[in-house]
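Me: Hi! Could you walk me through this fold?

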Amino acid sequence: MSDDFIDIRKVSVHGGHSGQFCHHASDSLESVVRAYIDQGFTWVGITEHMAPLSDAWRYPDEQADNLGADFLLQRFRDYFAECRALAQKYRDRIEILTAFETETYAGYEAQVNRLVEELRPDYLVGSVHHVAGHCIDYDAEHFNRAAEAAGGLAKLYCAYFDAQYEMLCALEPAVVGHFDLIRKFDADYLQTLQDAAVWQRVERNLDCIAEKNLILDFNLRGFDKATEQYPSMPVLRAAIDRGIAIVPGDDSHGVKSVGRNYVRGVSILLDLGVDTNWCKPALIQY
Ligand SMILES: [Zn+2]
Ligand SMILES: [Zn+2]
């Protein structure tokens, strides 16, 4: 690590999916936590995907393997118990926050509120993985289906950012996850983002994030999945212009992706003059 990094604390505002509690991740949660400790992280928010509202809202791989919504809910409860136990066990070496990542399909708000009430997470990562009922980040086939249903790419982006805006207003999540995930399967995303109706929504959502003082997840998984981090550079610059707090999230899905792309990502933030005295998410008050 270069000298520039010596004083910068390693943190992740969005990460720690594990094979123990997420069907598309790998390894036990404890081995993931130990990987964060080994890499010298100061604090990490573990942000497992929320339990689905019903069988219809399971991810395609969960459906294929017949994991029912009841099973997934119980596993989600187990996740909270295990994450809190690990936070205690390793409290002298790392600060672990126990959080979760949201969805935005029909009925999500009541489901999120139920889970918050029962499980009392430290905070939420507000994420959008579905637009008009279609999963947009699972694979190109699902994404194309979503674009067709929306009537084109620009319209799909607009619907995505509208769903995000509605979620920001409904849930006020402390962290906004992978802001422009919608571009994952769009090779011409820089152009699509320039569409007037799309960009207007990007700015509206950033204004909302600034006004509510939410943290923007500087999502390092984008380097692996979509050429650059989320949010992409034009959005990132617009967020910086608004003084929005930007904090790295490695969005790890197993030991191997813990801290992945960290130096690369933080170098970009340093070049842009972003404050690397990372903000911690505001904890939900109970
Ligand atoms: Zn995931
Ligand atoms: Zn996500």
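**The sheet and its neighbours**

Reply: Happy to: G126 stands opposite V176 in strand 7. This is a predicted model, where local features need pLDDT of at least 70, side-chain atom pairs count only at pLDDT 80 or more, and totals for chains, interfaces and linings use all residues. Residues are numbered from 1 along each chain as its sequence is written, with chains lettered from A and ligands numbered from 1 in the order in which they are written.

Me: Which residues make up strand 4 and strand 7, and how do they pair?
Reply: Strand 4 is residues 123-126 and strand 7 is residues 175-176, paired in the parallel sense over two bridges. Strands are DSSP runs of E, at least two residues, and helices are runs of H or I, at least four, numbered from the N terminus; two strands pair if DSSP finds at least two bridges between them.

Me: What's the strand order in the open sheet?
Reply: The order is 1-2-3-4-7-8-9, seven strands with parallel pairing. Strand 1 (10-15) and strand 9 (245-249) each have a single partner strand, so one side of each lacks a neighbour in the sheet.

Me: New topic: which residues of helix 3 are buried?
Reply: L72, F76, Y79, F80, E82, C83 and L86. Buried means 20 or more other C-beta atoms within 10 Å of the residue's own, with C-beta atoms placed from the backbone.

Me: And what covers them?
Reply: The cover includes helix 1 (29-38), strand 2 (41-49) and helix 4 (108-119).

Me: What does Y160 touch?
Reply: Y160 touches V128, V131, I136 and I182, not counting residues up to four places away in sequence; contact means C-beta atoms, placed from the backbone, within 7 Å.

Terms used
Two residues are in contact if their C-beta atoms, placed from the backbone, lie within 7 Å. A residue is buried if 20 or more other C-beta atoms lie within 10 Å of its own, exposed if 12 or fewer, and partly exposed in between; C-beta atoms are placed from the backbone.
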